[in-house]
Amino acid sequence: MENFGTFLALGILIFIVIVLVISNVKIVPQSRAYVIERLGAYKETWQTGLHLKLPFFERIARNVSLKEQVVDFPPQPVITKDNVTMQIDTVVFFQITDPKLYAYGVENPISAIENLSATTLRNIIGELELDHTLTSRDTINAKIRGILDEATDPWGIKVNRVELKNILPPPEIQDAMEKQMKAERQRREAILRAEGEKASQVLVAEGRKESQILAAEADKQAAILHAEAVKEAKIREAEGQAEAILKVQEAEAKAIELINSANPSDAYLRIKSLEAFGKAADGQATKIIIPSEIQGAAGLANGIIEAVKK
C-alpha cells in the first residue's frame, strides 16, 4: 500500500509539472508582442515565436499589437482667429514601435493621444481665419502629425498620419458660404457668357472681313482677266488688220508686177493715173494739182468721147 501511495503521489506530481509546463508555454503570433514581468518588474519583451515563462514568478503584463491602428476621435469645438466656432473631428493613424514604452510610458495611450490632438488642433486653428482653415487641410494635418509624433515618441508610439475628417461651421456660416459660392458661380457664368459672346462677335467680324477680302480678290482677278481678254482681242484685231494690209500690199505688188511684165503703153499708164486722181478727187482734198501729161491724156479722152457721141 505504501508503494502504491508513493507511486500515486509521484504520478500526481508529474502530472502537475506537465500541466504547469504546458500552461506556461506561449506562442507569440505575427505582429504581436508580449511584455513580461518577473515579480512585478519588467523582465523582457517577447517577439514572434515560442516562449516559456516561469510559473508563479513571471506573467504577461501586456499583449501589444504592432499593426498600424486607426482611431476616430469625436468632433472637438475649436475657435478660429476671426472668432468663428466650429466642430472638427480627426482621424489618427498610429503604430506601436516599442511595447515596453507603450506599456509603461503613459497610463491610457489612446486617451492621451485624443486629448493631445484636441489641444494641438485648438492651438493651430486659433491662428487661422475661417477661409484659411477651410482651404488648408493639408497644412493643418502636417502640423498636427508632427506635434503628435514628437509628443508620443516617449510612449513608444509613432503617428503616421492625421486627417481632418469633417469641418462643420455654424449653420449661419454655412448659409453665408453657400450664398457666396452661388454668387461666385453666377459671376463666373456671366463672365463665361460675356467671353463667349465676345468670341462669337470676333469670329463674325473676322468672317465678314475674310469675305470682303475674298470678294475684293475675286473682283481684282476678274478685272485682270477682263483686261487680259481685251488686250488679247486688240492684239488679234491688230494682227488681223496687219495681215489684211499685208495681203492688200502683196496683191498690189503682184498687180504692179503683172503690169510691168505686160509692158503697158504710155496711154494706158496715163489713163490709170487719171483714175487714181479721180479717186483722189472723191476724197476730202480741196485742191488737186494734175501733171501736164495727165492733162493731155484727159483731153484725149474727152475728144474720143465727143467723137463717139457724133
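User: Which strands form the open sheet, and in what order?
Analyst: The order is β3-β2-β5, 3 strands with antiparallel pairing. Strands here are DSSP E runs of at least two residues, helices are H or I runs of at least four, and both are numbered from the N terminus. Two strands pair if DSSP finds at least two bridges between them.

User: What are the edge strands?
Analyst: β3 (41-46) and β5 (58-65), each pairing on one side only.

User: How many bridges between β2 and β5?
Analyst: β2 (residues 32-38) pairs with β5 over 7 bridges, in the antiparallel sense. Arginine 38 stands opposite glutamate 58 in β5.

User: Before we go on, what sort of model is this?
Analyst: It's predicted, so local features need pLDDT of at least 70 and side-chain atom pairs count only at pLDDT 80 or more, while totals for chains, interfaces and linings use all residues. Residues are numbered from 1 along each chain as its sequence is written, and side-chain values use heavy atoms, with hydrogens and water left out.

User: OK, switching to α5. Which residues are buried there?
Analyst: Ile140, Asn141, Ile144, Leu148, Asp149 and Thr152. Buried means under 20% relative accessible area, exposed over 50%, and partly exposed in between (1.4 Å probe, protein chains only).

User: Why are they on the same side of α5?
Analyst: Because they cover an arc of only 155° around the axis, taken from the directions from the helix axis to the C-beta atoms.

User: And which residues are exposed on the other side?
Analyst: Asp138 and Glu150.

User: What covers the buried ones?
Analyst: The cover includes β8 (85-96), α3 (109-125), α4 (130-134) and β9 (157-168), with contact meaning heavy atoms within 4.5 Å.
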